[in-house]
Amino acid sequence: MSDQKPIDIQDFVPHDGATRAPYSSADFDGDVDPSRDDFNEGLDLPDINTTPMYINIGPTHPATHGTFRVYARLDGETVEKAGVDIGYLHRGFEKIVEIKQYGQVIPYTDRLNYCSGLTNNVAYCKAMERMMGLEITERTRMIRLIIMEIQRIMDHMICCGAIIVDIGALTNFWYFFNAREKLNELLEALTGARLTYSYTRIGGLAWDLPPGWRDNVKAVLKEIPPAIADVRGLVEKNRIFQDRTRGVGAISAEDAISFGWTGPCLRSTGADLDLRKVRPYYGYEQFDFDIPVGANGDAYDRVIVRIEEMNESLKIIHQAIDRVPDGPINVDDKRVTLPAKDKVHTSMEALINHFKLVIEGVQPPAGRIYDATETPNGELGFYIISDGSGHPYRIKVRPPCFYTMNGLKFLIEGGMVADIVAILGGLNVIAGELDR
Amino acid sequence: MNQNDTARHDALVLKVRERFGNAVLDVDRSFDDCALIVDRTALRDVLLYLKNEHRFNLLMDIAGVDCMNLPKYRERFELIYMLYSVPDDLRVRVEIAVPELEMDVPTVSDLWKSANWAEREAFEMFGFNFVGHPCQKRLLTHHEFVGFPLRKDYPIMGGQWCTSTSDMTEELNEPR
């Protein structure tokens, strides 16, 4: 039997009355003795749990995918209050197009959502064509539909890849980007560019499909489903991914609509608003595809809805690729289409037509129009005011990101700092479109 | 375009005219769109009516226009509210004319949250004053920026040198 006394906590209580952990001063190397009275003297540390901390996330944080700034007041790791500052990429799109011709606006639209430039090209040309009462040819219609769906897949691959990287899984990004590279090569063969395509023209396309392009598309389409399946397999039932995204940044359908959300972010809340279904253009009504919707409107749903949408887009391309009819790609309308080069060299009328189109540009009738297209991020709208001249009087872009970003403050307040990254990635905010 | 859009727009215009009478100044039906041009004093009432009675629950966009160089206009500025009804799949625009010397417009950011940033953009680009807006600060342009860049008398090359950082207290304290 030992005659040791049981340790009594009172033995270690310093004389000022504060309780201390029962360690001995012998644990320290002699310089610092925690039992000394003057141990904390001069430090005067305030309680760290009650002092708010202010941090900047961005404008150049790698997880913001573009330049914008979130200024947050933190209580520990909880975001108490947050302010969102955008405009770092404001280029004055709406101002510069006022001195351009209508046709010269097309390259500027590439820079709106630079992850899916072709969709913006089509959206702008579609608005202009409705304004001028042009009925584009069946071949152009089908080509535009196919390239828009290819761009939808590419845009969703960036978004889903990036959010998963942001919360710590790099492999998926490469799975998506290997497949995306194949799609990129397709578009490079078609347009000559890899980022800023400027492929459409008012009333048609810049040029026709290169030979063998449709067979290449069919070959590449076979490589996309394995990539999607790989990522799904790694992500969908992954415990870490679910913990990081389930219930994070959740929003109800009513709130999302009030914030002006459209596209996959709105559909993740359960509202099935998709212009391809409710207002079919370019013959979307002929194709068999579904609109995937989520249930909770959280970051997890936003990713899964996008992955499902990629599969639906693949279905559309599979059906459309064999339906591209032969025929002209440009409308036969002197107001928008340049005459054939051999005619310009031989016919006076064609020469004058060419001259007037190049110098004066396309001249739509005076009036106002709002036209919307379902882009990968949501509804991209162009509100165009024409005064009858060759320059747009005013073009107002309705970018989907702008309104998605408006809801960010609502989503991140009350959550954790680390969740900001997961929420931002799922919203797929593209700064080029956000700031214009 | 849906075939019955014209009929539904007709019915809507009829109801709005019935309710607001002379406050509806004109209706623009060009390009199969429907735009109600209303008196600016009745703006909030018309928008409230459209939201509550006709389920226009999505405010797509607010566009400001400087009409200075147009051949014909009511006042120098215009504001265009683009509404969309998710349950009914119908679009309508509400337009008001705003004189240059009296640019106060009631805010609708309490009706639709999307109006918050849309109104801030219209404020910084044209100089509209949205009465009752929770945080009317420059959004896309720098907070030191002077003038309203999308006005027609603002030069295209009128860049400004702005350097200081915004402290963002207003955004931080804005109620969510």
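In chain A, Y71(A) stands opposite G83(A) in strand β3(A), where strands are DSSP runs of E of at least two residues and helices are runs of H or I of at least four, both numbered from the N terminus. The model is a predicted one, in which local features need pLDDT of at least 70 and side-chain atom pairs count only at pLDDT 80 or more, while totals for chains, interfaces and linings use all residues. Residues are numbered from 1 along each chain as its sequence is written, and chains are lettered from A and ligands numbered from 1 in the order in which they are written.

Strand β3 (residues 78-85) of chain A pairs with β2(A) in the antiparallel sense over 7 bridges, two strands being paired if DSSP finds at least two bridges between them. These two strands, β2(A) and β3(A), form a hairpin with 2 residues between them, and G76(A) in the turn has a positive phi of about 65°. Strand β2 (residues 69-75) of chain A also pairs with strand β1 (residues 53-57) of chain A, in the antiparallel sense and over 5 bridges, and R73(A) in β2(A) is the bridge partner of Y54(A).

In chain B, A63(B) lies in strand β3 (residues 58-66), and A63(B) counts as buried because it has 29 C-beta neighbours inside 10 Å, the cut-offs being 20 or more for buried, 12 or fewer for exposed and partly exposed in between, with C-beta atoms placed from the backbone. Leaving aside neighbours within four places in sequence, A63(B) is in contact with Y383(A), K396(A) and I80(B), contact meaning that the C-beta atoms, placed from the backbone, lie within 7 Å.

Note on methods
Two residues are in contact if their C-beta atoms, placed from the backbone, lie within 7 Å.
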